[in-house]
Amino acid sequence: MAFPTETVYGLGADASNGRAVARIYELKGRPPTHPVIVHLGSAGMVGEWAAGLTDDALAAADAFWPGPLTLVVARSRRVPDEVTGGSDTVGLRVPAHQLALALLGAFGGGVAAPSANRFGRVSPTTAEAVREEFGDGIDVVLDGGPCPVGVESTVVDATGPRLRVLRPGAVTTRQLSQLVGYEVSVGTSSTVRAPGTLPSHYAPAARVELVELDGVWARAAQLSADGAAVGVLTPVPPGDPAAVEVRFLAVMATPEDYARGLYEALRGADRGGVDVVLAVAPPPGGLADAVIDRLTRAAATAR
Ligand code: TXA
Ligand code: MG
């Protein structure tokens, strides 16, 4: 079933049932080598899924669970290969969402869940968006309304002596650094593969271009002259649009607004028949880094 979390909607299956997990891959059209996150109802269940946690991993779990943080740790033997994509690590997370926690509590086990979208596409932040992705392909969609965070969890490699951010999210690198007392680095590590960090990902049907605020209208005019329908995402209302016709405009003022609204804006642009989305990134730092990461990956998709 699909269920809401504070980040995005997940497509969940019993994490101890390899066949159920394989069905998720099938539905998503996702290569079987990509690991999925195991969602737990409480941090106390970690021992069943992890072979052991480093002190820093424990500290991060203590500080940020329930919350938008996924810890990649050494897997326990009971974790099916379908969950880990064959690697010897597993991603674990306790989500901070009432409905998700109610589901996990009632189920009692771990729930393997990637974002409830087709592979490479935009993650859903509403139940309607999940239906849009899969139609009748899934049995149950729990509707918890729009997701309050809007971008996927921070994924942290916690297998080594130092934490490392593999995917930025709402738990920021600065928060993690303050917690552990050293500068936590960002980027893929040599020991842990994170296929969800492919350069092209999180992409709508429209082409996405990253542009500077003061170049928006010139680029929009150029594209319109070529016959393209243009959409604009921006943290600041752009100045005078002059005579340029924009099919879709989303102004998301704060990094929180931008994160919360990003995927619905990309979907909105697609629904409106936009050919090219011009995205002005928010100023970097904190949650904005997650927004910039997703925009950059959306823009990296050649089409
Ligand atoms: O916020 C989220 O994390 C959402 C909600 C539903 O919890 N889930 C989500 O799942 O975004 P997914 O499958 O779309 O992204 C999971 C990310 C991928 O980048 C994947 O590579 C990474 O986590 N990941 C999971 N397990 C891993 C592992 N054992 N080693 C390395 N990376 C892992
Ligand atoms: Mg995903």
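**Close-up views of a predicted model**

View 1. Val171 is situated in the loop that runs between S10 and helix H7 (173-180). The model shown here and in the other views is a predicted one. Because its relative accessible area is 4%, under the 20% limit, Val171 is classed as buried. Leaving out residues up to four places away in sequence, Val171 touches Phe64, Pro68, Leu69, Thr154 and Leu176. Val208, by contrast, is 37 residues from Val171 in sequence, and the C-alpha atoms of Val171 and Val208 lie 26 Å apart in space.

**View 2. Ser153 in the loop between H6 and strand S9 (154-157)**. Ser153 has a relative accessibility of 2% and therefore counts as buried. Residues up to four places away in sequence aside, the contacts of Ser153 include Thr7, Ile37, Pro68, Leu69 and Thr70. Arg93, Arg167, Pro168, Gly169 and Arg294 are also among the residues that Ser153 touches. From C-alpha to C-alpha, Ser153 and Leu71 are 9.8 Å apart, with 82 residues separating them in sequence.

**View 3. Gly145 in the loop between H6 and S9**. Gly145 is in contact with Tyr9, Thr125 and Thr126, neighbours within four places in sequence being left aside. Ala288 stands 143 residues from Gly145 in sequence, and the distance between their C-alpha atoms is 23 Å.

**View 4. The cis peptide bond between Trp65 and Pro66**. The omega angle of this bond is about -5 degrees. Pro66 belongs to the loop between helix H3 (55-64) and strand S6 (69-75).

**View 5. Arg164 in strand S10 (residues 164-167)**. With a relative accessibility of 27%, Arg164 counts as partly exposed, because this value falls between the limits of 20% and 50%. Arg164 and Phe64 are 100 residues apart along the chain, and their C-alpha atoms are separated by 15 Å.

**View 6. Helix H9 (residues 255-271) and the elements that cover it**. H9 comprises 17 residues and reaches 24 Å from its first C-alpha to its last, close to the 24 Å expected at 1.5 Å a residue. At Gly261, H9 bends by about 45 degrees. Its buried residues are Tyr258, Ala259, Leu262, Tyr263, Ala265, Leu266, Arg267, Gly268 and Ala269. Just after H9, Gly273 adopts a positive phi of about 80 degrees.

**View 7. The second largest pocket and its lining**. The volume of the second largest pocket is about 260 Å³. Met1, Leu11, Gly12, Ala13, Ala20, Arg23, Ile24, Leu27, Gly137, Ile138, Asp139 and Val140 form its lining. Helix H1 (residues 18-28) gives the most to this lining, contributing 4 residues. By residue type, the lining of the second largest pocket consists of 8 nonpolar, 2 polar and 2 charged residues.

Key. Residues are numbered from 1 along each chain as its sequence is written. Chains are lettered from A and ligands numbered from 1 in the order in which they are written. This is a predicted model: local features need pLDDT of at least 70, side-chain atom pairs count only at pLDDT 80 or more; totals for chains, interfaces and linings use all residues. Side-chain values use heavy atoms; hydrogens and water are left out. Helices (H or I, at least four residues) and strands (E, at least two) are DSSP runs, numbered from the N terminus. The expected span of a helix is 1.5 Å times one less than its number of residues. The bend at a residue is the angle between axes fitted to the seven residues ending there and the seven starting there. Buried means under 20% relative accessible area, exposed over 50%, partly exposed in between (1.4 Å probe, protein chains only). Contact means heavy atoms within 4.5 Å. On a 1 Å grid over the protein atoms alone, a cavity is a set of points where a 1.4 Å probe fits but cannot get out, and a pocket is an open set with protein on both sides within 12 Å along at least five of seven lines; lining residues have an atom within 4 Å of a point. Grid points are joined across faces, edges and corners, and a volume is the space filled by probe spheres set on the points. Ala, Val, Leu, Ile, Met, Phe, Trp, Tyr, Cys and Pro count as nonpolar, Asp, Glu, Lys and Arg as charged, and the others, Gly among them, as polar.
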